[in-house]
Amino acid sequence: MTTAVVVGSGPNGMSAALRLARAGVTVTVVEAYDEPGGGLRSSTDATVPGLVHDLGAGFHPMLIDNPFTQEVDLEAAGVEWAWPEVQFAHPLDTTTDPEGGAAAYRSIDETAAGLGRDGATWRRIFTPLAEGWHELAEDALRPPIHVPRHPIGLVRFGLQALMPASVMARQFRTERARALWTGIATHGFRPPSVPMSSAIALMLGASGHRFGWPVAVGGSARIVDATTSLLEGLGGKVETGRRITSLDELGSPDLVMLDTGPADALRILGDRAPALTRRAYDRWPTGSGAFQVSFAVDGGIPWSYEPARSAGTLHLGGDLADMTRAERTAEQGRLPDLPYVLLGQQYLADPSRCVGSTVPIDCYAHVPTWWSDGDAALAAVTARIERYAPGFSDRVVATSVRGPEQLFAENPNWVGGDIAAGLVTPLRLAYGARPTLSPYDTGVDGVHLCSAVTPPGPGAHGLCGWNAAGAALKELAKR
Ligand SMILES: Cc1cc2nc3c(=O)[nH]c(=O)nc-3n(C[C@H](O)[C@H](O)[C@H](O)COP(=O)(O)OP(=O)(O)OC[C@H]3O[C@@H](n4cnc5c(N)ncnc54)[C@H](O)[C@@H]3O)c2cc1C
């Protein structure tokens, strides 16, 4: 019997576990927290009892149809997707933009129509990527060292992806198109002026046009329920409340998959870690932190920009210059006056999450790593929302916050509140934690890294784990 232990039950731990279990391996997943799921947990007691809040990922454009979910049928296992009318919106002051913002729909044409004279540019950037999504995914979401299946498309994507988002933004003539574009790029927790920040905007934007930005009905934890039951059906199991600190705690499985950050991976590998691994993991840079806020709001947020009232995701960042300034300020260790805030209105697609007229809102601001002044951060988040939705504060019924320290206490991968599990750099997106031929290789036989620190990087798509398990099975076959 071939056995594996997966350390960590985030989306990448579970996708790795499922790929191994489907290949006949007996898999045990061990999770530090007292609930499984990592960045896919939901809660019904964060604010008003019964209100469903996503505590991590809420939107799943890249999970709908990727190499993992093409093989593992989440819908058959109980996941139901629901889409908001507007996929994402970017409110602006009317002094910046007379219409007060911009919005992206699943349809590129509808989005382009709202962008006026920048509509053609939006169409030119996203149409080939959305239409050719499967070809793009076959190359861009696979382990980096491979013979490209669609070299021309990959080169075309790569030339744009390498660029800073702020440079790509120069193709737009209006402030609102620039803001809509940069708002997606800033998901990467970096100033839009850094190289390869366009890659995030291209992938998230194209997948949004291809699949929308859907939510899981009942909360993202339904995805965890589905992957757990699929694993159990294949003879595997998930154990919670057990933080692993050494390989010696795992017995002697044939394979170990680490859905951990480099710091925990290094602790677990201990003396067995080769010098090159030790050096790379030790030097792994931490990115800015998140300050997460769940609000219970009576009657929803009174956005001034009409399409924002129908939008699943809101990017509250102001214009390109504002987002650049806010991200730089957070990286320099200061709280921006108006931080970039990513806000989710999942309930619009899934009204079952509400209690009467009270709706759940989950958002997070980009703040400095280990930022500890929760009052200041909450005031900044509230001011950010109030600016585009006067009267918001009067509708708030209950609030709960999770600052960087609490995020780290819940998940060892989120060092300093860094929910991207490390600074998002071009090298990281290409090679993961250390440049080798296989980014999942820890340098210790049979032990593979499978978390979001490996390619294709952060997001609840499960592809890091899926790719890592593929590499592990190849290694197993060679033994
Ligand atoms: C507030 C928030 C909003 C987000 N929004 C989105 C979104 O809308 N869409 C999207 O695609 N992504 C989103 N993300 C990002 C996404 O959740 C992560 O990129 C994804 O969860 C990473 O998956 P993972 O499996 O690599 O790691 P994680 O989900 O972090 O899971 C790692 C697991 O391993 C466990 N673990 C770590 N070390 C040990 C150890 N030593 N022993 C035992 N267990 C251990 C942790 O406790 C954790 O459960 C969001 C994240 C957060 C926090």
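How exposed is arginine 123? Arginine 123 is partly exposed, with a relative accessible area of 34%; the term covers the range between buried (under 20% relative accessible area) and exposed (over 50%), using a 1.4 Å probe and protein chains only. The model is predicted: local features need pLDDT of at least 70, side-chain atom pairs count only at pLDDT 80 or more, and totals for chains, interfaces and linings use all residues. Residues are numbered from 1 along each chain as its sequence is written, and side-chain values use heavy atoms, leaving out hydrogens and water.

**Sheet**
- Five strands make an open, parallel sheet in the order 9-2-1-10-16. Strands here are DSSP runs of E with at least two residues, helices are runs of H or I with at least four, and both are numbered from the N terminus. Two strands pair if DSSP finds at least two bridges between them.
- Strand 9 (237–239) and strand 16 (447–449) are the edges, each pairing on one side only.
- Strand 10 (residues 255–258) runs parallel to strand 16, joined by three bridges. Valine 256 stands opposite valine 447 in strand 16.
- Helix 18 (residues 463–478) packs on the sheet and touches strand 10 and strand 16. Contact means heavy atoms within 4.5 Å. The helix direction makes about 160° with that of strand 10. Axes are lines fitted to C-alpha atoms, for helices over the stretch in contact, with angles from 0 to 180 degrees between N-to-C directions.

**Nonpolar cores**
- The largest nonpolar core has 88 residues. Such a core is a set of buried Ala, Val, Leu, Ile, Met, Phe, Trp, Tyr and Cys residues joined through side-chain atoms within 4.5 Å.
- Val27, Trp122, Trp133, Trp181 and Met257 touch the most other members.
- Helix 9 (residues 197–211) gives the largest share, eight residues.
- Another core, of 32 residues, lies apart from it and includes Trp303 and Val381.

**Salt bridges**
- The whole structure holds 21 salt bridges, each a side-chain nitrogen of Lys or Arg within 4 Å of a carboxyl oxygen of Asp or Glu.
- Aspartate 109 meets arginine 123 at 3.1 Å, N to O. Aspartate 109 lies in helix 3 (residues 108–114) and arginine 123 in helix 4 (residues 119–131), so the pair ties together parts 14 residues apart in sequence.
- Aspartate 264 pairs with arginine 267, with the closest N and O atoms 2.9 Å apart. Both lie in helix 11 (residues 262–269).
- Aspartate 350 and arginine 353 form a salt bridge, and both are buried.
- Glu35, Arg41, Arg402 and Glu410 are linked in a salt-bridge network.
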